[in-house]
Amino acid sequence: MERELDDAFLERYSRHILLPEVGVAGQLRIRRAKVLVVGAGGLGSPAALYLAAAGVGVLGIADADTVDLSNLQRQILHGTADIGTAKVESAARRIAAVNPEVAVVVHREYLTAATIGAVVSQYDFVVEGVDNFPSKYLVNDACVLAGVPFSMGGILQFVGQTMTVLPGRTACYRCVMGEPPTGKVPTCASAGVFGAIAGMLGSIQAAEALKFVTGVGRPLGDALLCFDAKAMDFMKSPVRRDPSCPLCGDHPVIRELADQAGPACPQRGRPARWAGAV
Amino acid sequence: MTVFQLDITRYCCPLTFVKVKAQLYRLAPGDILEVRLKGAEPLENVPATVVREGHAVLGIESLGGGVHLVRMQKMAAGA
């Protein structure tokens, strides 16, 4: 305890410790937490940076890609000098510069049905920032089956949406979105994305992770938060666990993971079971 | 009940009351903490923090030279 509460610790995290809701106890919970960020891109970048700044003990980063020039408009973990290098390596360097106390675990791989379960099980919370539907469903299924809470996030053009899933307690991604989409869907590469909204949404996801770890406030469970940055409208729509959800419903049929075939992109207008409207 | 001392005369706010908060975190309910602080800002912030955290300020004594001794008691397990 004495080493944990030295002056450097107290000063670095003083703005957290000052909060009655966090205090020393909350900051120590953050230090002992293990959070996985899946995707070191638009959403994963701000999420990882804020989690590192907050002093998360173990920060896992999963991404198989390398940095390219078009990423730099919004993927703020990476810089011009990182073009061509593995995103997880670039991320690890940047995180170490922000906070060397954070233990970074790199997963330089595409997480598949065969591998993702063992990975997510090592963590207390997962921040999902992937750019394709098959991976979104895979992360959802893996986390629900492993009982690991996670934050789902997606952005496209000027719109973002996020929800927090507490397995066994709140709606999962399948409850809200239904079956995975088939056919062509727009992607950020084809339809574009306003860079700064990646920061808006990824930061919300980091806050959700830290709230879960510290027990502060109320998680964004059973609620889909959406924003349209053009008018800066934010909407929070209640959602509910679907009793007929094949994963977390009353009679689940999905009991093991399978790689999904399907189109890319986390955002395609109104999802099938969205209980609100933009 | 044990009495502890903490000297924060060389620190500036907000680290002053963060250190007090951290020290209180380590104590058991009922323990006494005697804090030496220096300057007007810590004199205002530290007792206010202690009360806000739910603990008791037992007394404040001037030691001269802008230094004060603030005696406080931990009331319950807190952050």
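In β4(A), the bridge partner of A:V38 is A:E128. The model is predicted: local features need pLDDT of at least 70, side-chain atom pairs count only at pLDDT 80 or more, and totals for chains, interfaces and linings use all residues. Residues are numbered from 1 along each chain as its sequence is written, while chains are lettered from A and ligands numbered from 1 in the order in which they are written.

**Chain A**

Strand β4 (residues 125-128) pairs with β1(A) in the parallel sense over 4 bridges. Strands and helices here are DSSP runs, numbered from the N terminus: E of at least two residues for strands, H or I of at least four for helices. Two strands pair if DSSP finds at least two bridges between them. β1(A) also pairs with strand β2 (residues 58-62) of chain A, in the parallel sense, over 5 bridges. There, A:K34 has A:V58 as its bridge partner in β2(A).

How many of the 5 residues of strand β1 (residues 34-38) of chain A are buried? The count is 4, so the strand is largely enclosed by the rest of the structure. Buried means 20 or more other C-beta atoms within 10 Å of the residue's own; exposed means 12 or fewer, and partly exposed is in between, with C-beta atoms placed from the backbone.

β1(A), helix α4 (residues 44-54) of chain A and β2(A) form a right-handed β-α-β unit. Right-handed means that, with the strands pointing away from the viewer, the path from the first strand over the helix to the second runs clockwise.

Helix α5 (residues 87-98) of chain A has buried residues including A:V88, A:A91 and A:I95. The buried residues of α5(A) pack against α4, β2 and β3 (103-107) of chain A. An α-helix has 3.6 residues a turn, so residues three or four places apart point the same way.

**Chain B**

Chain B has 2 helices and 4 strands. Its elements run β-α-β-α-β-β from the N terminus on. An open sheet of 4 strands has the order β1-β2-β4-β3 (chain B), with mixed pairing. Its edge strands are β1 (3-7) and β3 (56-64) of chain B, each pairing on one side only. β1(B) and strand β2 (residues 32-38) of chain B run parallel, joined by 5 bridges. The partner of B:Q5 in β2(B) is B:E34.

| Strands | Sense | Bridges |
|---|---|---|
| β1(A), β2(A) | parallel | 5 bridges |
| β1(A), β4(A) | parallel | 4 bridges |
| β1(B), β2(B) | parallel | 5 bridges |

Along its principal axes, the C-alpha trace of chain B spans about 35 × 20 × 15 Å. Of its 79 residues, 34% count as buried.

Note on methods. Contact = placed C-beta atoms within 7 Å.
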